[in-house]
Amino acid sequence: MVKKIILSAFDVAALVMLIICAVYGWTIAGLILLALVAVQYVAQTFVFVSSVGAIGLLSPLFAVIFGFGIAFPLFIVGMGLGVSECFMILGAILAGFSVAYTFSSLVRR
């Protein structure tokens, strides 16, 4: 249980740092953190889908629809951000999903 709490704390820290990297334009640090968050999100999604079944695939589907269909046009056109900043914010959204996976596994017990 302590391991999952520490994991979720790291996810929240990654979420905050990705937003800070996007705001200040720290591209290299943000993309490295994005890669770490993406790998961790894929691993958490695999574990979540294996435990709850196919309904767990709604989260990646929502991430793709929300990220590329809604957030990217809004951030690029509406806010004038670059593509790398949009990916960092999408990584922050994925880190939020990963925190939700970790918390849901704590509650299911």
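Student: So which residues does phenylalanine 62 touch, leaving out those up to four places away in sequence?
Tutor: Gly67 and Phe97, with contact meaning heavy atoms within 4.5 Å. One caveat: this is a predicted model, where local features need pLDDT of at least 70, side-chain atom pairs count only at pLDDT 80 or more, and totals for chains, interfaces and linings use all residues. Residues are numbered from 1 along each chain as its sequence is written, and side-chain values use heavy atoms, leaving out hydrogens and water.

Student: Where is phenylalanine 62 found?
Tutor: In helix 3, residues 58–78; helices here are DSSP runs of H or I, at least four residues, and strands are E runs of at least two, numbered from the N terminus.

Student: And why does phenylalanine 62 count as partly exposed?
Tutor: Because its relative accessibility is 45%, and partly exposed lies between buried (under 20%) and exposed (over 50%), with a 1.4 Å probe and protein chains only.

Student: OK, switching to helix 1. Which of its residues are buried?
Tutor: Ser8, Asp11, Ala14, Leu18, Cys21 and Ala22.

Student: What follows helix 1?
Tutor: Glycine 25, with a positive phi near 75 degrees.

Student: Zooming out, how many helices and strands are in the protein chain?
Tutor: Four helices and zero strands. The radius of gyration, over C-alpha atoms, is 14 Å, close to the 13 Å from the globule rule (2.2 Å times the number of residues to the power 0.38), so the chain is as compact as a globular protein of 109 residues.

Student: How much of the chain is buried?
Tutor: Buried residues make up 35% of the 109.
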